[in-house]
Amino acid sequence: MKYVSNCSGTDALWNRLSNGLGPLNSYLYPNADPEHGGMRNFYPDFAAHLSRYAADFRSNVGIDLYAISPQNEPAFPEPYPSCVYNRHQIRDMVWELGRKLATDGRGGIKIFAAEDMLTRFTIEPMIQTIYADTATRRYLGAVAVHGYSDGISPAPPSRLVA
């Protein structure tokens, strides 16, 4: 579902969930839409995948998920399964996931916006972008952050996020 056609990757530009626009539209990439030259928008597919995961969790474990997040640490690529989102892309993904969970009767599951370990100067714009969109903010349950200096105590940048 990503431009790199791989679960992980260290290229920040290409390690993104395809939103149909793409950093580069080209027939050279396997996900390219030959008619329009753009990539397919996989946000609805990923939202459906996460909603199905929540249903499978309920079936296999016997309890409902409390919350789900579309991505851990979205600001940078990782060599393990990861995806890079900018603040507008994470807003769009939260909206898509919230809408899908509600449609599937799983609207009680909260959505955690991307947890991040960066400073308030990087996470606050993400929060502001989500909250500025009234259609999206109704789906947001929390914003998770981390950045612990010793595994227990929040490091100074984490304490700054309200």
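Which residue follows α2, and is its phi positive or negative? I looked there first. Gly105 follows α2, and its phi is positive, near 75°. I am working from a predicted model.

**Entry: α2**

I checked the length of α2 next. The helix covers residues 87-103, 17 residues in total. From first C-alpha to last I get 24 Å, close to the 24 Å expected at 1.5 Å a residue. At the start of the helix, I found a side-chain oxygen of Asn86 within 2.9 Å of the backbone nitrogen of His88. Then I listed the buried residues of α2: Gln89, Ile90, Arg91, Met93, Val94, Glu96, Leu97, Gly98 and Leu101.

**Entry: α1**

Buried here are Tyr43, Phe46, Ala47, Leu50, Ser51, Ala54 and Ala55. I asked what they pack against, and found β1 and α2. After α1 comes Gly62, with a positive phi near 95°.

**Entry: aromatic pair**

I searched for aromatic pairs and counted one. It joins Tyr53 and Phe57, with ring centres 6.4 Å apart. The planes meet at 35°, so I log the pair as tilted. The cut-off for stacked is under 30 degrees, and for edge-to-face over 60. Both residues sit in α1, four residues apart, which puts about one helical turn between them. An α-helix has 3.6 residues a turn, so residues three or four places apart point the same way. I then looked up accessibility. Tyr53 is partly exposed at 45%, and Phe57 is partly exposed at 22%.

**Entry: nonpolar core**

Which residues touch the most other members of the largest nonpolar core? I find Leu17, Tyr85, Met93, Leu97 and Met126, out of 26 residues in that core. The elements giving two or more residues to the core are α1, α2, β2 (110-116) and α3 (120-132).

Leaving aside neighbours within four places in sequence, Leu17 contacts Met1, Lys2, Tyr3, Phe42, Tyr43, Phe46, Cys83, Tyr85 and Met93.

**Entry: Glu73**

One backbone angle made me stop. Glu73 is not a glycine, yet its phi is positive, about 45°. Most residues other than glycine have a negative phi. I placed Glu73 in the loop between β1 (67-68) and α2. Is Glu73 buried or exposed? Its relative accessibility is 9%, so I record Glu73 as buried.

Definitions and conventions
Residues numbered from 1 in each chain as written. Predicted model: local features only at pLDDT ≥ 70, side-chain atom pairs only at ≥ 80, totals over all residues. Heavy atoms only, no water. Expected span 1.5 Å × (residues − 1). Buried < 20%, exposed > 50% of the residue type's maximum accessible area, 1.4 Å probe, protein only. Polar contact = N/O pair within 3.5 Å; in protein donor to acceptor, adjacent residues only side chain to side chain. Core = buried A, V, L, I, M, F, W, Y, C linked by side-chain atoms within 4.5 Å. Contact = heavy atoms within 4.5 Å. Phe/Tyr/Trp six-rings, centres within 6.5 Å; stacked < 30°, edge-to-face > 60°.
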